[in-house]
Amino acid sequence: MAAEDLPSQFDVVILGTGLTESVIAAACSRVGQSVLHLDRRNYYAGNWASFTFNGLLSWIEEYKNQQEVQITESEQVWRSLIDEGEDVVPLSTVDSSISNLEVFCYASEEEEKEEETKAPLTSCQPVNAETVSEETNGDSTEAQDTVTGDDATASDTQTQNEEQEVPEPQEEQHTSDISEPNQSQEEKESQPISSPAEPPVEVEKKITYQKLVKEGRRFNIDLVSKLMYSRGALVDLLIKSNVSRYAEFKNIGRILTCRNGKVEQVPCSRADVFASKQLTVVEKRMLMKFLTFCLDFEQHPEEYQDYTEKPFREFLKYKKLTDNLQDFILHSIAMVTQQTLTEEGLKATQHFLRCLGRYGNTPFLFPLYGLGEIPQCFCRMCAVFGGIYCLRHSVQCLVVDKASNKVKAVIDTRGQKISCSHFVVEDSYIRDEQRQSTAYRQISRAVLITDRSVLPSESDQQISLVTIPPLESSAPAVRMVELCSSSMTCMPGTYLVHLTCSSSGTAQEDLAPVVSQLFHVSTTPGEKPSEGTEERSKPAVLWVMYFNMRDTSALDSSSYNLPSNVHVCTSPDGNLGSDYSIKLAESVFNHILPDEEFCPPAPNPEDIIYDGEGPQAEGPGFEESSNTEADKSQAEEEGEKSPSTESSEPTEVDSVTQQSPSDTTPSSEE
């Protein structure tokens with residue numbers, strides 16, 4: 001919407017489109033509040049955003065240029081709009097929530113054309129067939145792992161996927177057939193001729209930097225790495241509000257850990273425990289007994305009451321669990337630190353166990369196309385109920401009434417004064433002079449593109465959660481999420497890897513040792529490790545980005561010197577789930593509208609009855625809602641017409657709300 005068309009008054013003005021702000025916007029709009037949602041960026045979701053590879057490269061350039069821009073205030077523009085008895089609170093114009101950004105490319109920088117001409121000379125098999133086969137395998141795996149609403153809709157989804165997948169084997173065969181005729185006669189003659197007895201020669205596909213850029217639209221790279229607990233606050237809200245219809249999700253296939261430099265699977269469910277080869281029979285019994293206790297530990301306070309003020313690790317030792325089991329529980333199941341108290345550790349373990357089995361063998365889901373889809377889903381719900389959105393549009397300052405010390409209006413970057421009752425703002429817009437303290441926690445992040453999985457398996461289309469215990473007791477544990485191409489976040493033949501930990505230094509200092517431990521990092525672009533070396537068995541890093549992200553989740557309203565009707569939404573926290581952000585959104589909403597329900601269910605498009613519409617041939621559902629005899633007779637006449645006329649003119653709301661199918665989303669019933 002153009003700035004000159006903006007109304008001059010709203011109930012709520014929201015600055016920033018991160019997850020918390022977007023949930024608040026959807027909740028307010030759903031209960032009838034007028035909402036103006038702004039963001040100075042040219043994309044949605046703020047620090048929760050997902051980028052294509054090319055988009056991420058542009059974001060990196062914008063970040064570097066932003067650091068060099070001098071902060072200038074055009075006070076003369078808005079000083080003239082301030083009346084007597086009003087004061088102003090200026091907002092920050094530069095986002096300083098990201099720091100220490102470093103990028104390294106290890107993929108070969110050869111031209112892609114050279115690679116394509118050389119490939120046929122090294123193998124008797126067409127390379128294109130292998131690529132298509134991987135894509136077909138990815139699609140079929142996605143169809144199996146995608147979460148469905150219920151049994152009835154699951155069969156519909158399966159049928160739909162089968163219809164879409166029917167041509168794929170033909171496409172694969174067709175690609176295999178045309179790969180050789182495209183070559184010239186000289187190329188055919190120069191190819192080595194293999195005898196029937198010789199096994200086919202497998203050639204490793206060389207992924208160059210040019211290939212990454214060319215296929216950049218296949219990537220969806222998240223700035224923040226999180227998963228969704230199947231019984232967490234975010235999934236519950238998606239189901240309750242019907243926002244889940246706008247997205248699709250994939251199960252996390254396995255949970256791994258790194259012990260003694262070796263990656264192995266963590267047994268977390270009953271089946272995993274008894275099938276595990278890493279545990280002895282005695283350890284299996286001990287683990288099952290402890291996990292059973294954790295499910296209802298509140299019923300047995302005598303078991304842990306002496307350890308409530310002691311670390312969870314000491315309680316595990318008291319239970320006589322082996323070091324092997326202690327590491328599994330502490331880092332891969334409870335996912336807590338060495339200093340976490342016993343009761344908090346038991347609650348974290350209980351939450352993990354209760355999330356098992358709802359949608360798969362692990363407690364976690366991941367949204368297809370990246371985490372940045374979730375804030376956009378809530379923005380879409382807000383827009384459906386009348387919210388107004390403007391990107392590349394910000395607020396210069398807040399207009400405060402001196403008598404009440406409340407914000408009465410904002411002045412945007414176009415110089416328009418907009419009245420509002422409440423103002424919700426992302427933390428990065430707040431200046432240091434409006435903060436009680438500028439000491440922040442930091443999160444260290446690394447994003448890698450690799451050529452294969454850290455733990456190859458029969459299926460190469462699995463999302464894996466890997467926990468790397470700290471090398472020292474004082475160091476933080478590192479959490480790694482490895483995404484496959486069927487998650488729609490990377491191109492086939494590559495994996496997208498996210499590493500996250502609490503910062504003790506810069507992101508590169510914290511995470512580079514872990515990257516070197518698990519992956520092969522070449523000294524020169526495109527270099528391959530020698531045959532027979534340990535590095536040869538490791539996945540190769542093609543591209544990596546390190547950065548630190550500010551974590552302000554420990555702050556509350558008392559940490560800011562702001563008017564009482566200004567609500568600050570903190571940045572993403574360092575936890576694996578998003579419960580903190582959802583609970584903060586609910587808290588802010590209840591402060592704004594204490595008597596309203598938080599995100600009530602949105603009606604299904606087929607349940608909406610439109611006022612003022614003439615009695616057209618819109619189907620029996622609309623006609624049966626009328627009670628007059630005239631309407632009944634008209635419905636009978638129209639019932640004799642061809643059925644094709646019923647859907648010939650779909651309404652506008654249907655076309656908007658039905659873009660994302662709802663039959664591949666989490667259901668509220670088990």
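Buried means under 20% relative accessible area, exposed over 50%, and partly exposed in between, with a 1.4 Å probe and protein chains only.

**Ground rules.** I'm working on a predicted model, so I noted that local features need pLDDT of at least 70, side-chain atom pairs count only at pLDDT 80 or more, and totals for chains, interfaces and linings use all residues. Residues are numbered from 1 along each chain as its sequence is written, and side-chain values use heavy atoms, leaving out hydrogens and water.

**Rings.** I looked up aromatic pairs next (Phe, Tyr and Trp rings, the last by its six-membered ring, with centres within 6.5 Å; planes under 30 degrees apart are stacked, over 60 edge-to-face, the rest tilted). The count came to 19. F104 and Y546 are edge-to-face, because their centres are 6.2 Å apart and their planes at 70°. F104 sits in strand β5 and Y546 in strand β20, 442 residues apart; strands here are DSSP runs of E, at least two residues, numbered from the N terminus. Y546 is buried at 5% relative accessible area, while F104 is partly exposed at 27%.

I also found a ring cluster of Y43, F51, W59, Y63 and F547.

**W59.** I checked its contacts (heavy atoms within 4.5 Å). Leaving out residues up to four places away in sequence, W59 touches Y43, F51, I98, L101, L223 and M545.

**Charge over ring.** My criterion was NZ of Lys or CZ of Arg within 6 Å of the ring centre and within 35 degrees of the ring normal. R40 lies over the face of Y429, 3.8 Å from the ring centre, and K319 over that of F293, at 4.7 Å.

Definitions and conventions. Helices (H or I, at least four residues) and strands (E, at least two) are DSSP runs, numbered from the N terminus.
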